[in-house]
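Open the model in your viewer and keep the sequence panel in view. We will go stop by stop, selecting as we go.

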Amino acid sequence: MPPQRPLSNTLIDQLPAAERARLLARAERVPLHLMDEVGRAGQPAAFAYFPIDCFFSLIHRLDALTVTEVALVGFEGMLGCELTVATGVQPFQVMVQGSGFAWRVERAVLLRELANPGLLHQQLDRYMSVILRQVANSAACNLHHATSARLARWLLMSDDRAGSDELQMTQAFLGSMLGVRRVSITEAARLMQDTGLISYRRGTVRILSRAGLKAAACTCYRADRKAYRELMQ
Ligand SMILES: [Zn+2]
């Protein structure tokens, strides 16, 4: 994904001017707040979201107590790829993980737009492959990589998409998203603080050294970025 801070949505920015204007004329810029639930697994999706400076967690729920985050969607992509297939049913629960704004588009509007020959259709086809790759990476990552390396990956992925230098989260939530015990997250976060990679205070993480986090992160962080560059070209 692009390294710069989000000021707008990359997929929309890349559209030819006429196509972009047509889509935005039918889109609504909406505020989204931390932990808002914008989608439920198994339910039909009514809207697509093109994040501007917010980002979403895609969460797979095994049972009432067991959830795991499988992908993040921010300004580099679109939430709602399932809208473009026949069922229109959401495969994941979706929570707002970083507050901010997004362009919201009704399903019918998106489908009408995709019926036109244009770049958006190609982009969303490619972006669906990006999401599939991220979900596959996350499944393997959860099995094979150490908690500290996965935490570093998650912090970098979130920081890439956030409109702020600060990330709001609790260690309990992080443990739940990464599928590990809270004490494991506490230990990994403490080590990162001791080595000057992050500060953590009252549910707010500030990243102090991206270079240090990149060195600490598992290979999945670079793999996700490489997949985005290759698939979206
Ligand atoms: Zn990994």
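Two strands count as paired if DSSP finds at least two bridges between them. Helices (H or I, at least four residues) and strands (E, at least two) are DSSP runs, numbered from the N terminus. This is a predicted model: local features need pLDDT of at least 70, side-chain atom pairs count only at pLDDT 80 or more, and totals for chains, interfaces and linings use all residues. Residues are numbered from 1 along each chain as its sequence is written.

**Stop 1: strand β6**

Select strand β2 (residues 37-39). It pairs with β6 in the antiparallel sense over 2 bridges. Within that pairing, Glu 37 has Met 95 in β6 as its bridge partner.

Is β6 mostly covered or mostly open? Mostly covered: 5 of its 6 residues are buried. A residue is buried if 20 or more other C-beta atoms lie within 10 Å of its own, exposed if 12 or fewer, and partly exposed in between; C-beta atoms are placed from the backbone.

**Stop 2: Gly 80**

Go to the loop between β5 and β6 and pick Gly 80. Gly 80 is buried, with 25 other C-beta atoms within 10 Å. Gly 80 and Tyr 49 are 31 residues apart in sequence, yet 6.7 Å apart in space, C-alpha to C-alpha.

Show the contacts next. Two residues are in contact if their C-beta atoms, placed from the backbone, lie within 7 Å. Leaving aside neighbours within four places in sequence, Gly 80 is in contact with Ala 45, Phe 47, Ala 48 and Tyr 49.

**Stop 3: the three-stranded sheet**

Select β1, β7 and β3. They form an open sheet of 3 strands in the order β1-β7-β3, with antiparallel pairing. β1 (28-32) and β3 (47-51) stand at the edges, each with a single partner strand, so one side of each has no neighbour in the sheet. On average, neighbouring strands of this sheet are turned by 40 degrees against each other, direction ignored.

Zoom in on β3 and β7 (residues 100-106). They run antiparallel, joined by 5 bridges. Phe 50 stands opposite Trp 103 in β7.

**Stop 4: the nonpolar core**

A nonpolar core is a set of buried Ala, Val, Leu, Ile, Met, Phe, Trp, Tyr and Cys residues joined through C-beta atoms within 7 Å. Which residues touch the most other members of the largest one? Ala 48, Phe 56 and Met 78, out of 65 residues. Domain 1 (10-142) and domain 2 (146-217) both give residues to this core, so it lies between them.

Click Met 78. Neighbours within four places in sequence aside, Met 78 is in contact with Leu 11, Ala 48, Tyr 49, Phe 50, Leu 124 and Tyr 127.

**Stop 5: between the domains**

Colour the chain by domain: domain 1 (10-142) and domain 2 (146-217). These bounds come from an automatic or database domain assignment. The domain centres, taken over C-alpha atoms, are 24 Å apart. At the boundary, 15 residues of domain 1 are in contact with 11 residues of domain 2.

Select β4 (55-61), β5 (67-73), β6 (93-98) and α4 (119-144). Each supplies at least two residues of the side of domain 1 that touches domain 2. The largest share of that side, 4 residues, comes from β5.

**Stop 6**

Select β9 (residues 198-201) and β10 (residues 204-207). They run antiparallel, joined by 4 bridges. Arg 201 stands opposite Thr 204 in β10, and Tyr 200 has Val 205 as its bridge partner there. Their hairpin has 2 residues between the strands, and Arg 202 takes a positive phi near 45 degrees.

β8 and β10 pair in the antiparallel sense over 3 bridges. Last, pick Ser 164, in the loop between α5 (147-161) and β8 (166-168). Ser 164 is partly exposed, with 14 other C-beta atoms within 10 Å.

Note on methods. Axes are lines fitted to C-alpha atoms, for helices over the stretch in contact, and angles run from 0 to 180 degrees between N-to-C directions.
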